[in-house]
Amino acid sequence: MAPALVLFYILAFLCVGGAVAMVTSNNPVRSALSLVISFLSLAAFYITLDAQFIAAVQVVVYAGAIMVLFLFVIMLLNLGAPEVVKKTRSFLPLATTLLAIIFPMVLFGFGVFAGLDGPTPSGASKLGTVGAVGRTLYSPTLPWLLPFEATSVLLLVAVVGAIVLARRKA
Amino acid sequence: MPKSLLASWDHLRDSIYNAFILPRYFHGVDLSHLVPYLALIGIFGFSLSILPFLIWIERVALGLVQDRTGPNRVGPRGLLQPSADVLKLFFKEDFQPKSVDKRLYYIAPFLTVMIALSAGAVLPLANITFRLPNGTLQNVPLMVANVNIGLLYMLAASSLGVYGIVLAGWASNNKYSLIGGLRAAAQVISYELAMGLALLCVVVQAGTVNLGGIVYAQDTLPFGLTWLPPFLKGSVFSWFWLQSLIVPVILYTIAMIAETNRAPFDLPEAESELVAGFHTEYSAMKFAAFFAGEYINMLAVCALNAAVFWGGWLPPFNCFPFTFIPGFVWFILKIMSGICLYVWLRGTLPRLRYDALMNLGWKKMLPIALIWLFVLAGYSLIRQIPVHLAGVHYTQAAMLSGGK
């Protein structure tokens, strides 16, 4: 196997393993940490694709800011006590197993896994650098400027809304 | 002065200057491939060997500030006190409380050290000049990873660094520890914004996120005034603390102290309220790991400050006595003055109240940083206009030939 492929499998294992552990763990803090591992291995994936900027943003925004905020809320609400979820008889394990078998088959059916062993597309190597992302987002000739600004206005509205709601209560 | 003496002086000066220029190929080995390894040794060697000295500096300086003798028992002027401390911590009983979350309790201190050390990977320690076989000179920054996202990598490392503290606070299963960890998380998230915006002010002007490139961008005449004498090229007046008009460096310096949880922002370990905060339940080498992590973090943010705002390896003036001191010496001097600032502030300022801390971060520093980013973006646009009119392409990329 090529070294790149070995790296891919290690990262894939970490990423999927982290996601699975996030769902299955009973302890909220451990759940959040598993998600952090998943995010970090995603960032490593971006680096293997030469998308350094996307990788850095993935770490700074998701692993660094959002997950710290998650942990903050979990600790603030003191959800930390393990075994909060009572183990009851349910269809959950059965449903999980069935889905874990059916979902990849559906993906196979749609041809998602086809051509995975081929070379990385040549255009991809320059897509994720600082300059490339900036030029794509802000170029007046490309159609992404307006959606991007609209999204930021939407986020601003959300922030203002949160402040208004918090003030009304106080 | 007689002419022959003058000539020999010139010769001496040239030979010293040439000692800093290495041939690119030495016995068939491409020396530029060895640069990352040299930087790796430099980062690890420097940050780990300077640690005891930092602790000593802090104790002596605090002793001076507080009008005490300071360390004076072990070694001359207490120089061996840190080694004695490490020895003590090494042989101390490693007590582990009963109800901790074992795995996270063990991981947390070492996570702190690991992330703090990894931040050094993108720091440019010095400039290495290679002479190519055809006689042209090539400048390469001495750094482990010459990547295009250096600054973002540093921000990522500093934002991940808080995990060690938060996990320690949570895994200890102690209310004081938990509150300490919570405070650390809130503080780091709040001050990261102002820190990032202050650094962005420089990125706007330098036109690159590569830290080596940012230092090269400071190696110009102040404010692009071409009529200034050449000894001012890359001098103290052309570094970004002045070129970004002073405000960003103040914001960054405040934010970096808050990010590393040091006094006057040391609320996560406020001893009068929280015993010892997040490391209350830690003893022996695990406590030492937190201690080391904190100091390495301080070194990392001071190094970023030195590289981004204070010219990295550049000497304060581009003329005789300064240029003969190697670049890494200047870099270390700049880092150490940052550390001295830390100790000075710790000795003189009282700890902030929690609401004052949040007020400062969100209501003062963040708006100022935003406004300043706006001002500087406009300013650097205006500065580019004459260059464009003259038909010269403003390409910082040309300076970055060393980068990938």
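Visitor: How much area is buried between chain B and chain A, and what share do carbon and sulfur atoms give?

Guide: In this predicted model, about 2,000 Å² is buried between chain B and chain A, with carbon and sulfur atoms giving 80% of that area. Tyr163(B), Trp170(B) and Leu182(B) supply 29% of what chain B buries against chain A, which is more than any other three residues.

Visitor: And how many residues are in contact across it?

Guide: On the chain B side there are 22 residues, and they are in contact with 24 residues of chain A.

Visitor: What is the count of salt bridges there?

Guide: Between chain B and chain A the count is zero salt bridges.

Visitor: Switching to chain A, what is its secondary structure?

Guide: Chain A comes to six helices and zero strands, so that, going from the N terminus, its elements run α-α-α-α-α-α. Of its 170 residues, 22% count as buried, and among contacts between residues at least 6 apart in sequence, 52% join residues at least 24 apart.

Visitor: What does the surface of chain A look like, in terms of atoms?

Guide: Chain A exposes about 12,200 Å², and carbon and sulfur atoms supply 77% of that. There is also a nonpolar patch on the surface, with about 1,200 Å² of accessible area together, whose members include Phe91(A), Leu98(A), Met105(A), Val106(A) and Phe113(A).

Visitor: Over in chain B, what does Gly42(B) touch?

Guide: Leaving aside residues up to four places away in sequence, Gly42(B) touches Ser47(B) and Leu125(B). Gly42(B) lies in helix 2 of chain B, residues 35-65, and counts as partly exposed because its relative accessibility is 26%. The C-alpha atoms of Gly42(B) and Met143(B) are separated by 9.2 Å, although the two residues are 101 residues apart along the chain.

Visitor: Where in chain B is confidence lowest, and where highest?

Guide: Confidence in chain B is lowest in helix 1, residues 3-19, at a mean pLDDT of 64, and highest in helix 10, residues 247-259, at 91. Chain B averages a pLDDT of 82, with 90% of the residues scoring at least 70.

Visitor: Which residues of chain B stay under 50?

Guide: Residues 391-404 of chain B do, and for them the model has 18 contacts beyond four places in sequence. Where pLDDT is low, predicted coordinates should not be read in detail.

Conventions:
Residues are numbered from 1 along each chain as its sequence is written. Chains are lettered from A and ligands numbered from 1 in the order in which they are written. This is a predicted model: local features need pLDDT of at least 70, side-chain atom pairs count only at pLDDT 80 or more; totals for chains, interfaces and linings use all residues. Side-chain values use heavy atoms; hydrogens and water are left out. pLDDT is the predictor's confidence in each residue, from 0 to 100. Helices (H or I, at least four residues) and strands (E, at least two) are DSSP runs, numbered from the N terminus. Contact means heavy atoms within 4.5 Å. Patches are made of residues with over 30% relative accessible area and no salt bridge: like charges are joined within 9 Å, nonpolar side chains (Val, Leu, Ile, Met, Phe, Trp, Tyr) within 5 Å. Accessible areas come from the Shrake-Rupley method with a 1.4 Å probe; for residues, only the protein chains shown count as cover. A salt bridge is a side-chain nitrogen of Lys or Arg within 4 Å of a carboxyl oxygen of Asp or Glu. Buried means under 20% relative accessible area, exposed over 50%, partly exposed in between (1.4 Å probe, protein chains only). Buried area is the accessible area (1.4 Å probe) that two parts lose on being put together, summed over both.
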